[in-house]
Amino acid sequence: MENKITDGRKRNIILRVAVTEDERDFIYEKMSDLKTKNFGAYARKMLIDGYAINTDYSHLKAVAAEMQKIDISIKQIANRVNSTTRIYEKDFDEMKKGIADIWQLLKSSL
């Protein structure tokens, strides 16, 4: 939201932003770290010169999806072992492949 002041000030446009109490406290903590008490100057400086970091979590989402697949496989294997008291080489191969896929995803994200 924007308001305009018409009393001849150099900075005659007011920008407003709503924050939570925690966000406000964090902002004041950051201001204190910089030894400033002038919120307007701090906010203006951060809005003009500050930066935001856009973090891409797609690799982590892919790892989580692979982990979920392995979790399902392990549960299926555990149910089969509990009912038959046997474990098969194919079960181990399936788990090893899933773990190798996760390692590959982790290595590619680093």
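By class, the lining of the largest pocket holds 16 nonpolar, two polar and six charged residues. Here Ala, Val, Leu, Ile, Met, Phe, Trp, Tyr, Cys and Pro count as nonpolar, Asp, Glu, Lys and Arg as charged, and the others, Gly among them, as polar. This is a predicted model, in which local features need pLDDT of at least 70 and side-chain atom pairs count only at pLDDT 80 or more, while totals for chains, interfaces and linings use all residues. Residues are numbered from 1 along each chain as its sequence is written, and side-chain values use heavy atoms, with hydrogens and water left out.

**The largest pocket**

- The volume of the largest pocket is about 910 Å³. A pocket is found on a 1 Å grid over the protein atoms alone, as an open set of points where a 1.4 Å probe fits, with protein on both sides within 12 Å along at least five of seven lines; lining residues have an atom within 4 Å of a point. Grid points are joined across faces, edges and corners, and the volume is the space filled by probe spheres set on the points.
- The lining has 24 residues. Val17, Phe39, Ala43, Arg44 and Leu47 lie nearest the pocket centre.
- Strand S2 (13–15), H1 and helix H2 (39–49) each supply at least two lining residues. Helices (H or I, at least four residues) and strands (E, at least two) are DSSP runs, numbered from the N terminus.
- H2 gives the most to this lining, with eight residues.

**Helix H1**

- Glu23 is found in helix H1 (residues 21–33).
- Glu23 counts as partly exposed, because its relative accessibility is 40%. Buried means under 20% relative accessible area, exposed over 50%, and partly exposed in between (1.4 Å probe, protein chains only).
- The Glu23 side chain reaches the backbone nitrogen of Thr20 at 2.8 Å.
- Asp33 also lies in H1. Asp33 counts as exposed, because its relative accessibility is 54%.
- Asp33 and Asn82 are 49 residues apart along the chain, and their C-alpha atoms are separated by 59 Å.

**Helix H3: length and end**

- H3 covers residues 58–84, which makes 27 residues. At 1.5 Å a residue (times one less than the number of residues), H3 should span 39 Å. Its end C-alpha atoms are 39 Å apart, so the two values agree.
- Thr85 follows H3 and has a positive phi, near 55°.

**Helix H3: buried residues**

- The buried residues of H3 are Val63, Glu66, Ile70, Ser73 and Ile77.
- An α-helix has 3.6 residues a turn, so residues three or four places apart point the same way.
- Helix H4 (89–109) is included in what covers the buried residues of H3.
- Glu66 is buried because its relative accessibility is 15%. Glu66 touches Asp101, Ile102 and Leu105, not counting residues up to four places away in sequence. Contact means heavy atoms within 4.5 Å.

**Ser73 and Glu94**

- Ser73 is found in H3, and Glu94 has its place in H4.
- Ser73 is buried, because its relative accessible area is 14%. Glu94 counts as partly exposed, because its relative accessibility is 36%.
- The side chains of Ser73 and Glu94 are joined by a polar contact of 3.0 Å. A polar contact is a pair of N or O atoms within 3.5 Å; within protein, one must be able to donate a hydrogen and the other to accept it, and residues adjacent in sequence count only if both atoms are side-chain atoms.
- Along the chain, Glu94 and Ser73 are 21 residues apart, with their C-alpha atoms separated by 7.8 Å.
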